[in-house]
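Dear colleague,

Please find the structure below, handed over for your review. My notes on what was found follow directly after.

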Amino acid sequence: MSPHILLRVEDLAKRFVCHMQGGKEILGFEGVSFRLPAGAALALTGPSGAGKSSVLKCIYRSYLPGRGSIRYRTADGGDIDLARASETEVLRIRSREMGYVTQFLHALPRVPAVDVVAEPLTAAGTPPAEARLRAQALLERLGIDRALWDAYPATFSGGEKQRVNFARAVIRPPRLLLLDEPTASLDPRAMEVVVAVLSEMKARGTTMVAVFHEGSPLASLMDDGCALPAKEPQR
Amino acid sequence: MTPLLAVRGLTKRFGAGCGECLDRTSALRETNRCPRCGAILACREVSFDLYPGEVLGIVGESGSGKSTVVRLLHFDLEPTAGEYRLAVADAAAGGGGRNLFALSPFQRRRIRNEHMGIVYQNPRLGLRLKVSAGGNIAERLLMAGWRHVGRIRERASELLRQTEVPLARMDEPPRNFSGGMQQRVQIAKALSTRPALLLLDEVTTGLDVSVQAKVLDLLRSLQRELGIATLVVSHDLGVIRLLTSRTIVMRHGEIIEQGLSDQILEDPQHPYTQLLVNSVL
């Protein structure tokens with residue numbers, strides 16, 4: 001893999017086998033290939049159900065990829081296939097280099113918003129007081145009401161949860177950021193801030209793979225696209 | 001990275017065995033009972049690594065062998081076969097990378113007292129319910145070689161504070177305590193010697209949901225502060241999701257699947273794991 005490429009996905013495919021339904025096979029996606037230079041942003045496009053989120057989950061390894069490879073250039077110059085890497089290797093890369101913003105917040109229960117956001121910093125060794133200050137500053141910037149900082153995100157609105165989720169993923173800017181509709185339930189003002197934060201991160205070198213709806217302002221950040229074809233109807 | 005703990009081929013058979021037990025039982029054959037001689041293979045050929053600071057889950061239904069694995073690792077049971085290495089224990093046991101199962105009972109006890117902590121589902125197994133909470137912790141520290149009474153008492157109160165047991169109740173026997181508080185005393189006792197390895201065997205099973213939540217929150221915050229390598233055995237996928245980063249799924253004494261915990265929950269591969277994930281209420 002040439003050194004300026006950070007991520008190279010080749011002929012990636014994912015199938016689900018539902019054993020509870022007699023081994024029924026469901027196609028997630030197939031034949032996905034792209035290469036992404038360091039610092040660039042790529043949009044995964046395609047009709048609803050084409051498997052865009054599944055591609056992100058395969059890169060993050062929440063899904064086990066089937067066929068194909070996901071070659072990733074690590075910070076220390078290594079070349080690793082995330083589709084085959086050991087769990088321990090994936091965990092190491094996740095904690096140091098890779099971020100993932102989902103559409104939905106699966107926040108840890110009974111943890112105040114500010115601590116949800118600060119945790120990636122404290123886990124990396126930042127003193128808790130400083131981590132909380134930085135988390136508060138980010139929540140402030142994203143327009144989360146001060147009164148909510150010490151509340152549990154489980155009680156938040158969709159848009160608030162999404163911003164907490166986003167803040168947690170970017171507070172320690174990763175080398176590779178996976179974005180799955182990070183602005184889906186945000187109002188235009190909050191969306192603007194998210195785009196501004198992402199564009200600052202991009203300027204500092206973060207590479208991105210994103211899924212978003214047509215017309216999203218995230219499109220302005222993208223350098224390239226990968227179109228997933230609609231799937232043949234299955235019988 | 002070198003694993004802290006390495007287990008290879010861990011097998012426990014209850015019963016004399018007939019030489020064909022391993023061939024006649026397995027997850028695939030849907031039984032851990034040898035049809036020929038009636039022996040039970042509580043766990044068979046279990047192998048895994050645990051890395052420093054890592055929290056690994058073992059999930060499975062009752063009878064899957066997950067608790068047997070923990071008890072073998074704590075030397076509560078004798079294995080039928082297998083190897084067990086603990087990176088920190090080498091120096092204490094006087095042998096680099098030796099199989100702990102091959103050591104004398106005395107050496108094993110010493111390794112257990114100095115390097116392991118365990119919390120059982122049933123506080124009766126982990127605590128002497130008629131001895132004071134502080135006394136339970138003191139006893140553990142004495143076994144690990146602590147001698148200074150003042151320091152033992154200081155450490156005991158520090159641990160009870162950490163585990164949110166009111167200090168006023170330090171001299172009361174745990175039999176007077178609620179189930180949740182008994183578990184917290186067990187946790188305090190397990191952590192007292194700053195073990196390298198923490199074993200949690202269904203620690204929240206049987207507690208009220210609100211008490212479960214408190215015990216889990218406590219374990220999470222201790223995990224963040226102390227970073228002790230931990231094995232979490234549970235039948236509850238919620239506990240696994242909350243505490244672990246990697247998970248092993250066991251059935252009929254055998255490992256049938258292992259992976260990142262979020263992958264096990266979102267994209268389970270084995271039919272049994274799919275059933276387990278789809279059975280969550």
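Chain B of this predicted model is divided into domain 1 (5-119 + 196-278) and domain 2 (127-194), with bounds that come from an automatic or database domain assignment. The C-alpha centres of these two domains of chain B lie 26 Å apart. Across the boundary, 14 residues of domain 1 of chain B are in contact with 13 residues of domain 2 of chain B; contact requires C-beta atoms, placed from the backbone, within 7 Å.

On the side of domain 1 of chain B that touches domain 2 of chain B, α4 (105-115), β5 (116-119) and α9 (209-226) of chain B each supply at least two residues. The largest share, five residues, comes from α9(B). By class, this side has nine nonpolar, three polar and two charged residues. Here Ala, Val, Leu, Ile, Met, Phe, Trp, Tyr, Cys and Pro count as nonpolar, Asp, Glu, Lys and Arg as charged, and the others, Gly among them, as polar.

As to conventions, residues are numbered from 1 along each chain as its sequence is written, and chains are lettered from A and ligands numbered from 1 in the order in which they are written. Because the model is predicted, local features need pLDDT of at least 70 and side-chain atom pairs count only at pLDDT 80 or more, whereas totals for chains, interfaces and linings use all residues.

Turning to chain A, there are six helices and nine strands; these are DSSP runs numbered from the N terminus, helices being H or I of at least four residues and strands E of at least two. Buried residues make up 37% of its 235 residues, a residue being buried if 20 or more other C-beta atoms, placed from the backbone, lie within 10 Å of its own. The C-alpha atoms of chain A fill a box of roughly 50 × 40 × 35 Å along the principal axes.

Chain A also holds an open sheet of five strands in the order β6-β7-β8-β3-β9, with parallel pairing; two strands pair if DSSP finds at least two bridges between them. β6 (98-101) and β9 (224-227) of chain A stand at the edges with a single partner strand each, so one side of each is left without a neighbour in the sheet. Within the sheet, strand β3 (residues 41-45) of chain A is joined by four bridges to the parallel strand β8 (residues 207-211) of chain A. A:L44 has A:V211 in β8(A) as its bridge partner.

Yours sincerely

Methods
A residue is buried if 20 or more other C-beta atoms lie within 10 Å of its own, exposed if 12 or fewer, and partly exposed in between; C-beta atoms are placed from the backbone. Two residues are in contact if their C-beta atoms, placed from the backbone, lie within 7 Å.
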